[in-house]
Amino acid sequence: MANAIVKRRRQELVVGGVVLAGLALLPVPIKDVYTQNLIIITVLFAGLAQAWNILGGYCGQISLGHALYFGIGSYVSTLLYLKLGIPPTLGLFAAGIVAGAAALLIGWPCFRLSGHYYAIATVVVGEIGYLLFLNWDFVGGATGVFIPFKGESWAELQFKTAKLPYHFVVLAFAAATWLAAFWLEGSRWGFAWRAVKDDVVAARSLGVNIFASKMAAAALSGGFTGMGGALYAQYVGYIDPDSVLAGHFSILIALPAVLGGVGTLWGPLIGAAVLIPASELSRSYLGGSGRGVDLMLYGGLIVLVALARPQGLVSLFNWRRKSDVPAA
Amino acid sequence: MTAAHLLQVAAGGLLMGLVYALVAAGLSLIFGLMDVVNFAHGELMMLAMYAVFAIWAINGTDPLLLLPIVAVLLFGIGIAIYHGLIARALSVQFNRGMVQIFVTFGLAIFIRGACQFVWGGDFKSITGHWLAGRTIELGGVFLPLPQMAASAICLAAFAGLLAIGRTEFGRALEATREDRDAVALIGIDRNRIFALGWGLGAGAVGVAGVMLAGFYYVGPNVGASFAVIAYVTVALGGFGSMLGALVAGILIGEVEAFTAAFWEPSLKQVGVFAVYLAVLMLRPRGLFGRL
């Protein structure tokens with residue numbers, strides 16, 4: 001049995017390597033800038049959703065306030081760069097650390113709550129962050145922060161027109177979150193989280209420290225989300241509270257994981273690959289008129305997938321593994 | 001700072017708080033009945049506001065006269081949402097909690113898009129109706145009539161909801177809430193009770209929407225801003241508790257009014273959220289919530 005798990009994990013790793021190589025080679029056939037941009041955003045969201053998945057999927061704590069960590073990350077790296085001249089390659093890690101610390105600080109009171117009470121508390125904490133940044137002049141208030149272009153540089157993650165370097169930057173980010181999830185899945189933490197998700201009382205009776213487990217998941221999840229925020233800020237070159245901290249952003253981060261399959265390695269990537277292109281394409285073809293058709297399609301898609309595939313789109317790929325699973 | 005000024009702020013908070021309470025009551029009713037948080041609740045309120053606006057724009061009917069029509073309309077929409085979506089979401093075998101959240105969330109986005117499609121993205125307001133611009137003065141405190149009417153109607157609707165709780169149907173509702181499987185044994189059709197619960201919840205928020213339309217702008221995002229307040233109200237009062245929604249709604253209206261008056265108007269919601277978090281730290285199930 002243990003052997004079967006080791007074998008399956010080795011298979012996952014091989015599949016992961018193949019997918020990574022395939023994604024890395026995408027720019028070879030695809031030269032069109034619009035499509036490249038679409039792929040970059042999709043891969044970035046795959047990473048963000050994987051980060052959300054650590055807390056929401058594996059540990060079962062549904063956070064609807066991840067925009068806060070994303071926003072904190074994007075502001076930290078941007079302000080370090082603009083005010084102190086620290087290059088974003090370093091700022092990226094500072095962003096991760098600050099966002100992770102913020103997740104701990106917020107988790108400390110909020111993990112007293114469970115279920116819907118927890119989900120709503122995260123909405124509220126996210127809203128507070130949004131309102132505070134909106135009214136905080138040091139960080140640009142409602143006008144936001146513009147990142148000036150200072151010349152091509154890998155250290156500062158600035159590339160004039162080429163999308164290509166960013167393709168690899170976000171791919172490295174998504175791969176890092178995937179590897180983290182892969183490693184965590186097989187670690188002591190991963191087992192503790194799934195126990196907390198399934199049955200808190202049973203987990204506690206087995207000696208799992210519930211609070212510490214949730215805090216660890218929150219710190220990792222928030223930290224990775226913050227790093228994603230830093231990359232996003234450097235990629236678009238402009239941030240304001242509405243674009244990185246608004247409440248709907250929290251949902252955008254969680255949705256790919258939920259629709260792809262929560263608590264699975266591949267769910268976030270599959271969800272992002274379906275959702276992000278669907279929303280971007282419908283917005284660019286139908287949203288220009290400002291008539292809301294894109295929103296109707298997007299909302300309808302969410303409803304349909306959630307009802308038709310409650311276990312996530314990843315379940316579509318599970319047929320080949322049925323024979324491996326012993327009958328329960 | 002005079003006593004009259006304090007009273008003025010308190011009165012404003014109370015008037016708004018009663019509207020919040022009714023919005024939250026619908027949400028709380030549905031949650032208490034079947035453990036579903038309706039993330040499209042704000043959008044249902046927005047639908048009611050747009051319905052009032054649409055009819056008013058055609059023939060200038062006063063929003064007050066439209067109250068019964070729109071309330072019945074929203075009642076029907078609530079029942080349709082239950083049968084079309086929620087019944088299915090309740091029957092999934094896997095991940096039920098998340099499916100419920102994201103089905104209602106997807107519905108919210110859909111409704112927002114549909115309203116934008118029909119009425120465009122700009123703000124509308126209903127002007128020149130019977131109560132518009134009128135105020136009455138009570139001991140140096142000026143009370144705008146549209147807000148007065150809104151809070152009075154909301155209070156009446158609240159009383160109506162509580163009265164329904166005392167009828168045969170209300171007892172069936174309560175029984176279903178207590179044990180959704182056992183009620184089938186005594187001849188209560190659970191599906192029908194759930195559907196009526198959705199109808200009542202949507203109808204309640206519809207009444208709030210109609211009254212709000214008399215003094216508040218209508219736009220595709222108006223639902224979202226009220227929805228956050230509604231979740232906070234319900235969580236603060238305790239999920240499923242009607243009395244909790246009323247007390248929490250008034251409390252939130254007051255905190256909001258006093259934060260805006262004495263601290264900073266743009267941070268009025270921060271004051272509300274801070275009070276909410278402080279209360280939940282001391283009492284995780286809300287003021288009147290049951291465990």
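Start with two helices in chain A. Helix 3 of chain A covers residues 67-84, and its axis comes within 6 Å of the axis of helix 9 of chain A. The two axes cross at roughly 55 degrees. Helix 3 of chain A and helix 9 of chain A are therefore oblique to each other. The crossing is right-handed. Keep in mind that this is a predicted model.

Now, which residues meet? From helix 3 of chain A, the contacting residues include Tyr69(A), Phe70(A), Gly71(A), Gly73(A) and Ser77(A). On the helix 9 side, among them are Gly222(A), Gly226(A), Gly229(A), Ala230(A) and Tyr232(A). By class, this contact has 8 nonpolar and 11 polar residues, and no charged ones.

Stay on helix 9 of chain A, residues 210-236, and pick out Ser221(A). Is Ser221(A) buried or exposed? Ser221(A) has 30 C-beta neighbours inside 10 Å, so it counts as buried. Leave out residues up to four places away in sequence, and Ser221(A) touches Ala51(A), Trp52(A), Ile54(A), Leu55(A) and Ala103(A). One more pair. Gly96(A) is 125 residues from Ser221(A) along the chain, yet their C-alpha atoms are separated by 9.6 Å.

Last stop, chain B. Strand 1, residues 135-138, and strand 2, residues 141-144, run antiparallel. They are joined by 4 bridges. Glu137(B) stands opposite Phe142(B) of strand 2. The two strands of chain B make a hairpin, with 2 residues between them. In that turn, look at Gly139(B): its phi is positive, about 55 degrees.

Conventions
Residues are numbered from 1 along each chain as its sequence is written. Chains are lettered from A and ligands numbered from 1 in the order in which they are written. This is a predicted model: local features need pLDDT of at least 70, side-chain atom pairs count only at pLDDT 80 or more; totals for chains, interfaces and linings use all residues. A residue is buried if 20 or more other C-beta atoms lie within 10 Å of its own, exposed if 12 or fewer, and partly exposed in between; C-beta atoms are placed from the backbone. Two residues are in contact if their C-beta atoms, placed from the backbone, lie within 7 Å. Axes are lines fitted to C-alpha atoms, for helices over the stretch in contact, and angles run from 0 to 180 degrees between N-to-C directions. Angles under 35 degrees count as roughly parallel, over 145 as roughly antiparallel, 65 to 115 as roughly perpendicular and the rest as oblique. A crossing is left-handed if the near helix is turned anticlockwise from the far one by less than a right angle, and right-handed if clockwise. Ala, Val, Leu, Ile, Met, Phe, Trp, Tyr, Cys and Pro count as nonpolar, Asp, Glu, Lys and Arg as charged, and the others, Gly among them, as polar. Two strands pair if DSSP finds at least two bridges between them.
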